[in-house]
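Please read it beside the coordinates.

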Amino acid sequence: MKKTLEGQVVLVTGASGGIGAAIVRQLAEDGARPVIHYGRDQASAEALLAEVGGNGWIVQADLSVPEGPFKLWEMAVAATGRVHGLVNNAGIRTEISIEASASDWKAAWQREFQINFFAAADLCKEAIQHFKANGGGRIVNMASRAGQRGYTADAMPYGATKAALVNLTKSIARSFGEDGVTAVAIAPGWVRTDMAEEFIAVHGKAAAVADIPIGEMAEPAEVAELVAFVLRPGQASLNGATLDINGGSYIR
């Protein structure tokens, strides 16, 4: 039986751990060959590639610098020859108070936008051109509930970057669908990652799930399953959609 993503090459950013690693595992299970991007954790990236049977590639790039995304795409294409899908998963969340100095405030916003949004936009630019020249492709942008309903006072840069990512996804969908290039945003709420576990350690699980009607965070594997589904060739009509995976907390 043919697997749903057989023959597909998919670049996943921020793939050495957490949600990114779960996405790589699911893509490999569904027959895709993942390109595993990492920034610093080479050992985890290598272990992940071994876990999926070595049927993929590893690429290193620093998305915090302007040239990083372009180098990443160049290396991915050089290694594979043809990329069919891009998953912009890499992201950071920093806290900065409105009481911070002007220099600290600007630095926090600039770093968060560079990694969470500008790097994704640059990769989308390169991917769109590649897809147009090679028969199409799909982009999945990992947004957030925070980009749709706003975020906490000390993490406004994060919410703003994710809102921008949702809008970018819709613009790509409107502009390049006729070229066979489709884009979808996925907007998780709390996902049980290291960041979530750190929050639970300080504040307790009850605080973390207080506004989630089902009373549980999403697991990374749940998000990964949705990403893999979106990347199926038969799901082109999802173009432009933002898919929530937050246990109903968007409405609270």
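1. The model is predicted, so local features need pLDDT of at least 70 and side-chain atom pairs count only at pLDDT 80 or more, while totals for chains, interfaces and linings use all residues. Residues are numbered from 1 along each chain as its sequence is written, and side-chain values use heavy atoms, with hydrogens and water left out.

2. Helix 3 (residues 68–80) and helix 4 (residues 102–133) pack at an angle of about 40 degrees, their axes lying 9 Å apart. That angle makes helix 3 oblique to helix 4 (under 35 degrees would be roughly parallel, over 145 roughly antiparallel, 65 to 115 roughly perpendicular, and the rest is oblique). Helices here are DSSP runs of H or I with at least four residues, numbered from the N terminus, and axes are lines fitted to C-alpha atoms over the stretch in contact, with angles from 0 to 180 degrees between N-to-C directions.

3. The crossing of helix 3 and helix 4 is right-handed, that is, the near helix is turned clockwise from the far one by less than a right angle.

4. Trp105, Trp109, Phe113, Phe117 and Phe118 form one aromatic cluster. Rings of Phe, Tyr and Trp (its six-membered ring) pair if their centres lie within 6.5 Å, with planes under 30 degrees apart stacked, over 60 edge-to-face and the rest tilted; by this rule there are seven aromatic pairs. The ring centres of Trp105 and Trp109 are 5.5 Å apart and their planes stand at 50 degrees, so this pair is tilted.

5. Trp105 is partly exposed at 26% relative accessibility, as is Trp109 at 22% (buried means under 20% relative accessible area, exposed over 50%, partly exposed in between, with a 1.4 Å probe and protein chains only). Phe113 and Phe118 also form a tilted pair, 5.8 Å centre to centre with 45 degrees between the planes; Phe113 is buried at 17%, whereas Phe118 is partly exposed at 40%.

6. Gln114 sits in helix 4 and is buried, with 11% relative accessibility. Leaving aside neighbours within four places in sequence, Gln114 is in contact with Leu63, Ser64, Val65, Pro66, Pro69 and Ala119.

Terms used
Helices (H or I, at least four residues) and strands (E, at least two) are DSSP runs, numbered from the N terminus. Contact means heavy atoms within 4.5 Å.
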